[in-house]
Amino acid sequence: MSEQRQKFYITTPIYYVNARPHIGHTYTTVVCDAIARRHRMFGHDTLFLTGTDEHGQKIERSAAANGKSPQQFTDEVSGEFRALWDRMGITYDKFIRTTSDEHKRGVQAMFSLLQERGYIYKGSYTGQYCVSDELYADDNTPGTPCPVCGRITETVQEENYFFKLSAMAEPLLKLYEENPNLIYPETRRNEVIAFVKTTLRDLSISRTTFSWGIPVPGDPAHVIYVWLDALCNYATAVGFGSPLPADQQRYAHYWPADVHMIGKEIVRFHCVYWPAFLLAAGLPMPKQIVAHGWLLFEESKMSKSRGNIVRSETILEVLGADALRYFLFREIVFGQDGSFSFDALVQRFNSDLANGLGNLASRTLSMIQRYFGGEIPYPSATIAHTPAEAAIARLAEETIVEFNRLFDAYQFSRALEALWGLLSAVDKYIVETQPWAVAEKEDRDSRSRLGTILYTSAEALRIITALAHPIIPTSTAKIFTQLGLSDISKTDLNTLHWGQLNVGTRLGKIEPVFPRADKSAIERMQQMEEERKSAAEAVAAPEATPAAAVAVAPAVPAPEPVAAPDAPAPLSPEITIDDFVKIDLRVGTVLTAEKVEKADKLLRLTVDIGLEVRQIVAGIAKAYAPEALVGRKVVIVANLAPRKLRGIESQGMIVAASLGEHGSPALAAFIEAVPNGARLK
């Protein structure tokens, strides 16, 4: 009898179907997909769940506004989510809908269990309710905005069933104390503990003013509160509440979930309400609840009301899914808010994928094809082997360990940075060893040396590709095929080591994997987004997207009217070319960024300009979050005399644009990959 494999169960939130899927939903989903893919490569019995949340008053209203029944409306929008995930190659194992019979049965079983254990009672509720967030705003008064999304709440007065949340404060605090890794990152854990330490009030868990929901067992005039309904999906999807023995065995095997992945705006529901329900029901707790930040679009919060939602389809049609996946993992520090722009997407695609991984694969495999007839050459261990090969092999082994450590700690950006560090080392190795020059010599030793160089490069490419596969699965599978290797998803990451590439392996057909994107790619994506907006693709009611189970920030109250922006400043006095050449403008990469104490506008940056690392103090704190700047290319005035700002020496000046006296600064950037130290002329 074979040994039972380690199980791993990961979930996305189930996405609310009052609007079509967008890049915020995609962020959460691709993170879960990459984690699930990687666990499968370690041989784990992996279950990856996603789905759609389809009940509630807001859905009922949205359907009516679109002239459809709630079931027809939810069928259509849920279908769009599933179609997008299928198009992107998301490897979910189960897609749950809260309108399914299995889910309804499980939710009613949970309600009955809580009722039997004395945690539900019947009463009446009078207070404020946010339809958009499906949230009871107990501290609000009529006419005041929702504390989550900022929309005006409605006064609700009705008979309800209540959950004894007030009795759960001490059990919850004990749970958090005994399980310090339950909530990640620590900032969210601290927020949850602070909330629970305030007075928890009993929670209304039924409604009678609408009917689109799951009926309360034995009292069909009530429908179950949409958040109790939705949160149960994680358990009902694996068989909770089913009378069938096979479902009960599946539930016993997979529950509890190993990871619930959520956006930070639904932390309260997942880290307070859900654990409280499970504790009261006497059921096992999920092992970890992980909350990531919001996506900002060109430094502004994405929201339907702002009209700056980005559809994933736009990027898929122009650059492909892997471009988007790589950007989200590499550009965004997981757990923090991240910035998205088409310019940054194309720049990262060109620098890391086209010029980086794609270029390494193309030139390595092309030389093997040209010089060795398309077969992996033999690496000599004698005269043709030098310390340079040993250094690459050692770095590869170190990178495997470091990548795994960082990935497991949700430090995805740093994991990719480490992996691309190996890639850069191999690029440098190829430049220094010059295999094209070695190939011109016809003696036996040179032939052996050439084989060693190209085997070393190909083996490093194999390891880089295998580690990157969960993040960029389509392109890495193509590179593996070109290497002459079988299904990359079957690679055993437990045994991934240097020297496993078989000599004599025949390469597949060599083709470009990442065709370089030019400026027109940005223009096409921008145009497609404008066309999507102008097509008036409203799937939901006129109200804005809720702050529910998505990575995009909830809408905020409309700001007060402000004056029109200043006109552009007049041109400066004319200068000569001799004046201009005195200014030394250099390209650099931001290594670190932090706020200057007691200075609202200042950030302290360290910038690598190729020749050296400079410390620069810049007045851009109100326009850019420090974490959004790390890794970004900037332009600095490199020969400006140093000066002190708030006691910190600034060794240069960041180049930025602004419109008039009150305009927000916008840093100069590049579409092309420009090396550090390059001079602007």
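User: How many bridges pair β10 with strand β12 (residues 219–224)?
Analyst: Two, and the pairing is antiparallel. Strands here are DSSP runs of E with at least two residues, helices are H or I runs of at least four, and both are numbered from the N terminus. Two strands count as paired if DSSP finds at least two bridges between them. Ser206 has Ile224 in β12 as its bridge partner.

User: What's the strand order in that open sheet?
Analyst: The three strands run β10-β12-β11, paired antiparallel. The edges are β10 (206–207) and β11 (215–216), each pairing on one side only.

User: Before I go on, what kind of model is this?
Analyst: This is a predicted model: local features need pLDDT of at least 70, side-chain atom pairs count only at pLDDT 80 or more, and totals for chains, interfaces and linings use all residues. Residues are numbered from 1 along each chain as its sequence is written, and side-chain values use heavy atoms, with hydrogens and water left out.

User: What's the mean pLDDT of the protein chain?
Analyst: The mean is 87, and 88% of the residues reach 70 or more. pLDDT is the predictor's confidence in each residue, from 0 to 100. Over residues 536–570 it is below 50, though this stretch has 97 contacts in the model beyond near neighbours in sequence. A contact means heavy atoms within 4.5 Å. Where pLDDT is low, the predicted coordinates should not be read in detail.

User: Switching topic: is strand β1 (residues 7–11) enclosed or open?
Analyst: Five of its five residues are buried, so β1 is largely enclosed by the rest of the structure. Buried means under 20% relative accessible area, exposed means over 50%, and partly exposed is in between (1.4 Å probe, protein chains only). Both faces are covered, with Lys7, Tyr9 and Thr11 buried on one side and Phe8 and Ile10 buried on the other.

User: Which strands does β1 pair with?
Analyst: Strand β3 (residues 45–53) pairs with β1 in parallel over five bridges, and there Tyr9 is partnered with Leu47. Strand β13 (residues 259–263) also runs parallel to β1, joined by two bridges, with His260 opposite Thr11.

User: What else does Tyr9 touch?
Analyst: Leaving out residues up to four places away in sequence, its contacts include Leu49, Tyr234, Trp255 and Pro256. Tyr9 is also among the residues with the most contacts inside the largest nonpolar core, which has 180 residues. Such a core is a set of buried Ala, Val, Leu, Ile, Met, Phe, Trp, Tyr and Cys residues joined through side-chain atoms within 4.5 Å.
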